[in-house]
Amino acid sequence: MNISLEYYKIFYYVAKCQSITAAAGELCISQPAVSQGLKQLEQELGAKLFIRTTKGVTLTNEGMTLYTYVKNGYEQIVLGEQKLQEMLNMTTGEIRIGASDMTLQFYLLPYLRRYHQLYPDIKVTVTNAPTPQTIEHLQAGRIDFGIVSQPFPVESHLRILPVREIQDVFVAGAKFWSYKQQMLRYEDLISLPIISLEEDTSTRRYVDAFLAENHVKLEPEFELATSDMIVQFALQNLGIGCVVRDFAERYIQSDELFVLQFDKQLPKREICVVNDERLPLSIASGKLMELLG
């Protein structure tokens with residue numbers, strides 16, 4: 001059968017209201033149009049669905065059976081329309097973001113604050129992980145987009161939007177003050193205690209690759225999970241910390257730490273917003289992307 005859904009809509013309202021007049025009012029159509037729709041449906045189904053009475057209409061046994069299923073189906077359609085409208089109006093929805101400690105702290109947080117002010121009903125889930133894991137989450141569809149730092153694998157299906165430059169530096173505390181006015185070479189680091197991130201991070205990979213190009217390989221004395229901890233170790237004079245400058249900036253400004261100077265500076269890199277173009281963004285995610293872009 002290829003019966004118009006409009007007939008079922010008419011049938012639903014007549015059965016619900018038990019009145020052709022009331023159903024016509026709900027549907028904003030004329031009573032003859034309602035009666036004609038019911039007649040068409042009964043003809044195409046080959047069954048009588050209503051008994052007309054002086055007080056309105058009542059369902060036949062066949063009509064009651066049909067109504068049981070039509071009611072569930074139609075009300076689910078209406079509920080689906082309502083939920084979709086709520087998503088369009090940004091009164092419901094969810095976004096899933098992947099970000100590292102650095103990208104969250106030094107880029108994403110102010111945007112999340114603004115987004116929450118604009119759309120307080122949207123649920124925001126942030127998966128905190130280093131850049132390599134964030135890219136894995138993105139490609140597996142576990143997040144809508146990621147805020148990552150270079151370097152990371154670039155593939156054709158990834159949309160990459162650079163949003164902020166960052167600078168990697170080596171910092172030290174008072175114990176190493178004698179190096180403050182010196183112009184160093186990266187080979188000089190080999191004889192010093194180094195504090196760095198663990199190997200499975202984009203920052204560590206970036207610095208190691210740069211040093212390898214300059215024929216230097218470091219064996220860190222401390223390998224830590226977060227850049228904040230590297231700064232704290234450096235403040236305790238446990239070694240030379242390698243971090244993105246933002247993490248140490250307040251201590252550099254207060255002269256508790258200083259930045260070692262080298263004959264060649266580490267090139268700046270960028271924080272990027274990345275999403276997979278093969279996966280459409282939700283309306284809620286698209287609104288945040290608009291703020292970020």
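1. A salt bridge is taken here as a side-chain nitrogen of Lys or Arg lying within 4 Å of a carboxyl oxygen of Asp or Glu, and 13 of them are present in the structure. The model is a predicted one, in which local features need pLDDT of at least 70 and side-chain atom pairs count only at pLDDT 80 or more, whereas totals for chains, interfaces and linings use all residues. Residues are numbered from 1 along each chain as its sequence is written, and side-chain values rest on heavy atoms, with hydrogens and water left out.

2. Glu 42 and Arg 52 are joined through their side chains by a salt bridge, at 3.8 Å from N to O. Because Glu 42 belongs to helix α3 (residues 31-45) and Arg 52 to strand β1 (residues 50-53), this pair ties together parts that are ten residues apart in sequence; helices (H or I, at least four residues) and strands (E, at least two) are DSSP runs, numbered from the N terminus. Glu 42 is buried, with a relative accessible area of 14%, while Arg 52 is partly exposed at 41% (buried means under 20% relative accessible area, exposed over 50%, and partly exposed in between, with a 1.4 Å probe and protein chains only).

3. A salt bridge also links Asp 168 with Arg 269, their closest N and O atoms being 2.6 Å apart. Asp 168 sits in strand β7 and Arg 269 in strand β14 (residues 269-276), so parts that are 101 residues apart in sequence are tied together by the pair. Asp 168 is buried, at a relative accessible area of 2%, and Arg 269 is buried as well, at 1%.

4. Arg 205 and Asp 200 form a salt bridge of 2.8 Å, N to O, with Arg 205 partly exposed at 44% relative accessibility and Asp 200 partly exposed at 36%. Salt bridges with shared partners also connect Glu 199, Arg 204, Asp 208 and Glu 223 into one network.

5. Turning to the sheet, five strands form an open, mixed arrangement in the order β10-β9-β11-β7-β12, where two strands pair if DSSP finds at least two bridges between them. Strands β10 (222-224) and β12 (258-259) stand at the edges with a single partner strand each, so one side of each has no neighbour in the sheet. Strands β9 (residues 194-197) and β11 (residues 240-244) pair in the parallel sense over two bridges, and Ile 194 stands opposite Ile 240 in β11.
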